Amino acid sequence: GEVTTLPSDKLDTLVTAVREIHACYRREHGELAGLHLGADMFLPVFIYVVSQCGISRLLSLKNLLGGLVDPSRMMSEAGYCLASLEGAIEYLLRLDETAEEI
């Protein structure tokens, strides 16, 4: 894919990825009225996608986006996507810590 350097571009890419997860769900499960991928079903899928995405330094990316993105975007879809990324990273970090204890 295209390499982006600006935090706003990186956030736009994150939003696009989240939208694609939802679009894939709609394609696979039909366009039934009221059918959508709720947060309880989305987050495990998103965690898997994040764990497999191959992006190095995810924690640094999260910190960059959280610190440099226009605060007005944090109250929109982009904020939801960034919160989802934060949740996915935190889950993966805890999972990694648990694996080290074993």
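1. Basis of the model. The model is predicted, so local features are taken only where pLDDT is at least 70 and side-chain atom pairs only at pLDDT 80 or more, while totals for chains, interfaces and linings use all residues. Residues are numbered from 1 along each chain as its sequence is written, and side-chain values use heavy atoms, with hydrogens and water left out.

2. Overall architecture. The protein has four helices and zero strands, where helices (H or I, at least four residues) and strands (E, at least two) are DSSP runs numbered from the N terminus. Read from the N terminus, the elements follow the order α-α-α-α. Of the contacts with a separation of 6 or more, 71% join residues 24 or more positions apart, a contact being heavy atoms within 4.5 Å.

3. Burial and surface. Among the 102 residues of the protein, 28% count as buried; buried means under 20% relative accessible area, exposed over 50%, and partly exposed in between, with a 1.4 Å probe and protein chains only. The protein exposes about 7,000 Å², of which carbon and sulfur atoms supply 58%; accessible areas come from the Shrake-Rupley method with a 1.4 Å probe, and for residues only the protein chains shown count as cover.

4. The nonpolar core. The largest nonpolar core has 21 residues, and Leu11, Leu14, Phe46, Leu65 and Leu85 touch the most other members; such a core is a set of buried Ala, Val, Leu, Ile, Met, Phe, Trp, Tyr and Cys residues joined through side-chain atoms within 4.5 Å. At least two residues of this core come from each of helix H1 (7–29), helix H2 (39–52), helix H3 (58–68) and helix H4 (77–101). With neighbours within four places in sequence set aside, Leu65 is in contact with Pro7, Lys10, Leu11, Leu82 and Leu85.

5. Phe46 in detail. With a relative accessible area of 2%, Phe46 is buried. Not counting residues up to four places away in sequence, Phe46 touches Leu14, Val18, Ile21, Ser84, Leu85 and Ala88. Phe46 and Ser84 are 38 residues apart in sequence, yet their C-alpha atoms are 7.8 Å apart in space.

6. A buried lysine. Lys62, found in helix H3, is buried but has no salt bridge, and the nearest side chain of opposite charge, Glu90, is 4.6 Å away. For this assignment Lys and Arg count as positive and Asp and Glu as negative, whereas His and the chain ends are not counted. Leaving aside neighbours within four places in sequence, Lys62 is in contact with Leu82, Glu86 and Ile89. Of these, Glu86 has its place in helix H4 and counts as partly exposed because its relative accessibility is 30%. Glu86 and Leu58 are 28 residues apart in sequence and 9.5 Å apart from C-alpha to C-alpha.

7. Salt bridges. Side chains of opposite charge can pair when their charged atoms come close. A search of the whole structure finds two salt bridges, each defined as a side-chain nitrogen of Lys or Arg within 4 Å of a carboxyl oxygen of Asp or Glu. Arg19 forms one with Glu77, the closest N and O atoms being 2.6 Å apart. Arg19 lies in helix H1 and Glu77 in helix H4, so this pair ties together parts that are 58 residues apart in sequence. Arg19 is partly exposed at 46% relative accessibility, and Glu77 is partly exposed at 36%. Arg27 forms a salt bridge with Glu20, with the closest N and O atoms 2.6 Å apart; Arg27 is exposed at 55%, whereas Glu20 is partly exposed at 41%.

8. A histidine in helix H1. His22 has its place in helix H1 and counts as buried because its relative accessibility is 17%. Apart from neighbours within four places in sequence, His22 is in contact with Leu37, Phe42 and Tyr80.

9. A backbone point to check. Arg57 lies in the loop between H2 and H3, and its phi is near 55 degrees, a positive value in a residue other than glycine. Arg57 is exposed, with a relative accessible area of 65%.
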